[in-house]
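Dear colleague,

I am handing over the structure we spoke about, and my notes on it follow below. Please look through the sequence and the model first, and then read on.

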Amino acid sequence: MAAVIEKTDKPDAVGELEKVPEPLPGAGVRRVGRGTVVAAILVVWLVLFFVLKGKQTLTLAAADLTDLHRWFNDLNDSIGANRNSNPLFIYFFNEIRLVIDTLVTFIQELISQSSVGRPVPQIGWLGVVGIVGYLSWAVGNWRVALLAVAGFTFFGLQGLWQESMDTLALTVSAVFVALLFAIPLGVWAGLSDRFNRIITPFLDFMQTMPTFVYLAPLTLFFLIGPASATIATLIYAAPPAIRITAHAIRSVPETTVEAADSLGATRRQALMKVLLPMSKRTVVMGVNQTIMAALAMVTIAALIDAPGLGKTVMQALESLDVGTAFNAGLAIVVLAIVLDRVTTAASAREEAARRSKNRFLAWRRPLLGVGAAVTAVLVYLSHTYLWAAEFPSEGDTGSAISSTTDTVTTWVQDNLSGITNAFRDAITYGLLNPFQTLLTDSPWWLVGAALIALGVVLGGWRAGVTTAVCVGLLVGTGVWSDSMTTLASTLVATVLVMLLGIVFGVWMGRSALVDRLLRPSLDAAQVMPPFVYLVPFLALFGATRFTAIVAAIVYAAPVAMKIIADGVRNVPATTVEAATSAGCNTWQIITKVQLPMARGALTLATNQGLIYVLSMVVVGGLVGAGALGYDVVAGFSQGQLFGKGLAAGFAIVLLGVMFDRITQAAARRTSA
Amino acid sequence: MTPTQTAVPQLSSTPQDPDGTPVISVRRLWKVFGPKAEQVPESEELCGLTRRELMDRTGCTAAVRDVNFDVRKGEVFVVMGLSGSGKSTLVRCLTRLIEPTAGELVFEGEDIREADGKRLRDLRRSKFSMVFQHFGLLPHRRVVDNVAFGLEIRGMGKAERIKRALEVVELVGLSGYENSYPDQLSGGMQQRVGLARALAGDPDVLFFDEPFSALDPLIRRDMQNEVIRLHREVGKTMVFITHDLSEALKLGDRILIMRDGKMVQCGTGDELVGAPADDYVREFVKDVPRGDVLTLRWIMRPAEPDDPLDGPELGPDVVVKEATRAVLAADKPVKVVENGELLGIVGDEEILAVVAGQEGDM
Amino acid sequence: MARQARQWRVGAAGLAVLGLTLTACGGAKVGDSSSEADGSGSSGKCGTFNVAVNPWVGYEANAAVIAYVAENDLGCKVTKKDLKEEIAWQGFGTGEVDAVVENWGHDDLKKKYITDQKTAVDAGPTGNEGLIGWYVPPWLAKAHPDITDWNNLNKYASKFKTSESGGKGQLLDGDPSFVTNDEALVKNLKLDYKVVYAGSETALIQTFRKAEKNKEWVIGYFYEPQWFMSEVPLEKVKLPEYKEGCDADAEKVDCDYPVYKLDKIVSAKFAKSGSPAYDLVKNFNWTNDDQNVVAKYIAVDKMTPEAAAKKWVDANRDKVDAWLK
């Protein structure tokens, strides 16, 4: 259910951090000025709120529709009614579907599904483990190869071999197709500012529009089956690769390109011999992000019959079987970690090999050959013999994991609910309710004006204009009031995300050990299907907005932590040294040196935190947040609410774009 | 301030040159950045504005303004200026890495500005090459592959280009490092790779864009000597950009000084020191050890009737420093003679004035 | 070069040995047990039968039993497709779904796909009766028996207050898949309640489960048959009786939800295909208790759907035979 947003990505983030210069001497003065203006805006807003409370709030009941929503419905219906006669479908969408279906089915018959004349796939578990180990070693190093072999064997022990292979097949095809488009588009966006400007809004849209909104229409276009699942996945997973590729092309030093030009290279030569090879490493990071995003879609895709682990999770959750769901979720996490580490190692390999002074280089080729031969034998065995084709274990490990999870969950639910309720009520009554009232009960034009004013003050005129456009469109969607409710929860969640992000980010940034220990859990929190942990949260906090906020925090805080940790780590050691020699204690170093100098990272973390929180709005709608998230889910489930769901989806995108532009502009201002 | 005003004692500078056509001939060259840039060189009024005024009026920056010069075959032509003077833009305009806004750009009789993409690439592949301040090497390729890169681009076969590359690698003194990667080399060595890459294609003209600015002083000196050696050995025409006057004086046959996109003065080193065109140049050359640069031509005085004319003879282009010993050793003033004609005489007094640095302004 | 070749040879020899060893102790080959694979594969005249599986356990029970019978008695090749309702209905038109075997009302979908697009047809009731309404946990019904009458709800409104309900009593709503009139009901019955959208069945079940365990005050939207009823038998609150047409205007609804006769929908193509599976779907009929048993096997006893179906079919052969006639 996770709708991940990789707006800016790790390498990008790091790039931004490195650019953060020292604060200007005048910046302090200016910031005080800006703070005063912001405070003034808020005071005016509050005063007007008390006068105008409850007027022109644009509320819309759950079942009510606007003309726009009905128009969306009609559009959807007419597409459905005409799909068999429309040439666009017959010659275009059907062809695409056919190609993708063929690709997925091919991979599935290779590793996961029984194929023609065989009760088992062409390559059994032993062969797959062999191939994965070999490839990881060939493109990465022996350590990740070991990890990959262990991870894949673990799927078998969990009793989830076939499901994992289905998920792998789908992920591989989606990533493959995504990259087929993403890398050329990314290169283009890297070369042409104009194209970059054109494509950026589309990428924003693809990443913030909740998948639920287009899942049903997608099956109209591409029918039920692997093609739709693959396309749903790649819509969401391609943007990071495009962005990162563009970024990589842009970061190739200008002199190098100029040098190639001065030697008379054609555009093609410059691209093939200079730009692409030099950005390869960063592009692999993009591939990595795409894989992660694709895995985050596994459970959603299960709603349109995508095979694999997502189905197991969904089915287990129908009967609230947290243990089984967790077991399957764990398999997704393991798959994610394996793929992440292997691609990361692959991107670093060439350089590492260059450093390691040729000692193994002479041996590498023969060893690779031997490895290939061994793999071939394993593949042959797994093709021929049953013991190598079907994983021999019954999945006892999986059962053990399930029952342990159940025990832990029950204990937590039984013993912690007192504390958690108090915490929930404190946040809800103290922070969320007043804030939400202010947003939803003010007249829409007042909120709009306040938002625009804040946009101008924080981000400058251009951000102000963007905000104005977004506010206008939000009103147009007809779900203004729900948008404001969602906005309130989103902002509260973001504040909490930043608190956690700063505490853990600083801790991780200061200690490599803590970083190493925490990172796998952070990765897990990002790929684990949210509902797996939401069931116990529901028991702890009830179906409330707070549960939704917690879900958002679990998902968004890791990103903030990672960015802030990087920011703190990038503070020059000499500056810290200077502070230490001036007699600063640890607290002073953190508050007076490391955090201020990581200000760029903090802004970026806020931006990303917000966008990630927004991407959990739909999940929030499933656990009591109501508002936009619920509109989207209901629109997905009930035909007559489709249009409203679509409008709510647009509203989420608009909120995302609005905050992205304001925070980015603000970040540029503070660091410029 | 136009170049004609500055050309005070232009003994050997631009147009009317004795030995045939120049390799590169630049006339009224402009590069303006900004909206509607092409209007600026056309408008007499805008041409007259200072950079700042132009910026305020039109939002345009004139990086190169009305520059004229010729580069002779086989000479080292240095363009010198501080950062922002437009020298790097100028050198890029010469190969159209940056497209000039207006002016004429003739290379070996061909107007380069008229060349289409293909012709321009051909020129770059065979006639020009460039060495960059930040090297611009390809980190994923070995040294020899970097050197061979230009040849590869031309479509030369692998064996042939590697062979040629190895020759050049040897020429720049990098033997033994062919198989290293750029990031395993020091800055100076990386620039040798850049140099080798430029030489590998056997171009007619080498362009250097502040090639040694990023290097340590000692290494810089080595590299300068290396360029001098290479110039002697391969005799290429070179256009060399620098912000360092001593480098300019050391390498340059002739030097063009730029300020705010305009030429201030163009001439040999001794002309700049001996006859600065204005205060800007004067300030620049103030700290130059004059004895190292000036020739006797600059310090001689006309022979007066009571001067003894039986002292030793020296040519007018002998540098003061080298003449010092001879002049001081002689008990009579030295005659400066060119082609048997007496140009003037130099005595202890003149020499000491230069060497002691008291000879404020001539 | 020579050394490399030697390495190659050593490697190859080692591999050959390894390969031979493994082959020698190889064991059963793929395809040896072909009889097992063919058992269900020979499809007879039934062919492939695509049954949609909507995401709730009761549905899963229907689908499991029908699929089990179709495979074992009719020799069909059954493909189950996990789909949300609307998508399953879309599948009728594209030929990817043959049958939906538990449908709750969905008049809008019926109009769109049966009346307008004519891609689907009604295949009769499942025999299950679907109730939708407001439920309270059993402890509450026992402690305050009068709470099961809507007339008394306002009396207890303050007890149902939560952090979400803004000072009113909370009426927990919202499995997004179900149509709800609750906002209109609350308004028209003048109840001092606010509808709060839980957003998913999971959230509803978890809330009721916790309420029963900790004796908390919860009232919410629910429905049966539902496997959770066998874990916590929720009590239904009586709303003003449903009369034909009292829910015609969504804004003015002031009556209980109608009893849904759950039915089956099949694609028009499938109905005409003459497949025995179509007759099976058409004849399939069982009681709420039957479904609850199978649902309990799946949800509470954690049996696979196949095993649950087998267990029920073995115990109820007579009913199955009646479907097959």
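What percentage of the chain is helix, and what percentage is strand, over residues 483-663 of chain A? In this model, which is a predicted one, that stretch of chain A is 87% helix and 0% strand, with its end C-alpha atoms 19 Å apart. Residues 164-343 of chain A likewise come out at 87% helix and 0% strand, and the C-alpha atoms at the ends of that stretch are 19 Å apart.

Next comes a pair of helices in chain A. Helix α21 (residues 480-510) of chain A and helix α27 (residues 599-615) of chain A have axes that come within 9 Å of each other and cross at roughly 130°, which makes α21(A) oblique to α27(A). The crossing of these two helices, α21(A) and α27(A), is right-handed. On the side of α21(A), the contact is made by A:Thr490, A:Ala493, A:Thr494, A:Val497, A:Met498 and A:Gly501, while α27(A) brings A:Ala605, A:Thr606, A:Gly609, A:Leu610, A:Val613 and A:Leu614. Sorted by class, the residues in this contact of α21(A) with α27(A) are seven nonpolar and five polar, with no charged residue among them.

Chain A also touches chain C, in a contact that takes 63 residues from chain A and 57 residues from chain C. On the side of chain A that touches chain C, the largest share, eight residues, comes from helix α16 (residues 361-384) of chain A. That side of chain A consists, by class, of 38 nonpolar, 16 polar and nine charged residues.

Finally, there is chain B, for which the domain assignment gives domain 1 (3-21 + 72-103 + 110-127 + 203-288) and domain 2 (292-355). The C-alpha centres of domain 1 of chain B and domain 2 of chain B are 31 Å apart, and the contact between these domains takes six residues from domain 1 of chain B and four residues from domain 2 of chain B. Helix α13 (residues 269-274) of chain B supplies four residues, the largest share of the side of domain 1 of chain B that touches domain 2 of chain B. By class, that side of domain 1 of chain B has three nonpolar, two polar and one charged residues.

With best wishes

Terms used
Residues are numbered from 1 along each chain as its sequence is written. Chains are lettered from A and ligands numbered from 1 in the order in which they are written. This is a predicted model: local features need pLDDT of at least 70, side-chain atom pairs count only at pLDDT 80 or more; totals for chains, interfaces and linings use all residues. Domain bounds come from an automatic or database domain assignment. Two residues are in contact if their C-beta atoms, placed from the backbone, lie within 7 Å. Ala, Val, Leu, Ile, Met, Phe, Trp, Tyr, Cys and Pro count as nonpolar, Asp, Glu, Lys and Arg as charged, and the others, Gly among them, as polar. Axes are lines fitted to C-alpha atoms, for helices over the stretch in contact, and angles run from 0 to 180 degrees between N-to-C directions. Angles under 35 degrees count as roughly parallel, over 145 as roughly antiparallel, 65 to 115 as roughly perpendicular and the rest as oblique. A crossing is left-handed if the near helix is turned anticlockwise from the far one by less than a right angle, and right-handed if clockwise.
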